[in-house]
Amino acid sequence: MQTAGKLFGSAISPDWTDTVVSLLQPARSRLDSVLQKMVFQMVLYSIWREHNSRRHGGVWVTRLTTAKNSRSIDKLFRNRISSLCYARAHPLKGLMKRWFEVT
């Protein structure tokens, strides 16, 4: 909710099936749809990374508060978008701008 609550709006739910169903429905725009899917993947990645770290005796990644975890996901997300390096006329060129609008 803290990371991309504005992006998902009322479609966000703690129930995974509701969230997946909302991801499969057409969004308002293509950028929003791409951002929603990327955020979902990023959250899953963060949870799985912490799970593996705990399971294999590593350092617990998120002994963090929800706010710190949200900032970490935001930073990962911005780094991922900036690494894509879209050309001038690419349809997804405005991802970073849209991300800053919804966060």
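Predicted model: local features only at pLDDT ≥ 70, side-chain atom pairs only at ≥ 80, totals over all residues.
## Salt bridges

The model holds three salt bridges. Side chains of opposite charge can pair when their charged atoms come close.

One of them joins D32 and R98, with the closest N and O atoms 2.6 Å apart. This pair links distant parts of the chain. D32 sits in helix α3 (residues 30-55), R98 in helix α5, and 66 residues separate them. Both D32 and R98 are buried.

E101 is partly exposed, because its relative accessible area is 44%, between the 20% and 50% limits.

Together, D32, R98 and E101 are linked in a network of salt bridges.

## One side of helix α5

Which residues of helix α5 are buried? In this helix (residues 95-102), they are L95, R98, W99 and V102. They span an arc of only 105° around the axis, so they lie on the same side of α5. An α-helix has 3.6 residues a turn, so residues three or four places apart point the same way.

## D74 in helix α4

D74 lies in helix α4 (residues 66-84). Is D74 buried or exposed? D74 counts as buried because its relative accessibility is 19%, and the cut-off is under 20%.

D74 has two side-chain partners to describe here. The side chain of R78 meets D74 in a salt bridge of 3.1 Å, N to O. R78 and D74 both belong to helix α4, four residues apart, about one turn of the helix. R78 is partly exposed, with a relative accessible area of 29%. The other partner is W99: a polar contact of 2.7 Å joins its side chain to that of D74. W99 is one of the buried residues of helix α5, while D74 belongs to helix α4.

## A nonpolar surface patch

Where is there a nonpolar patch on the surface? W16, L44 and I47 form it. Their accessible area together is about 290 Å².

W16 lies in helix α2 (residues 16-24). At 45% relative accessibility, W16 counts as partly exposed.

Terms used:
Residues numbered from 1 in each chain as written. Heavy atoms only, no water. Helix = DSSP H or I, 4+ residues; strand = E, 2+ residues; numbered from the N terminus. Buried < 20%, exposed > 50% of the residue type's maximum accessible area, 1.4 Å probe, protein only. Polar contact = N/O pair within 3.5 Å; in protein donor to acceptor, adjacent residues only side chain to side chain. Arc of directions from axis to C-beta. Patch = residues over 30% accessible without salt bridge, like charges linked within 9 Å, V, L, I, M, F, W, Y side chains within 5 Å. Areas by Shrake-Rupley, 256 points an atom, 1.4 Å probe, with all protein chains shown as cover. Salt bridge = Lys/Arg side-chain N within 4 Å of Asp/Glu carboxyl O.
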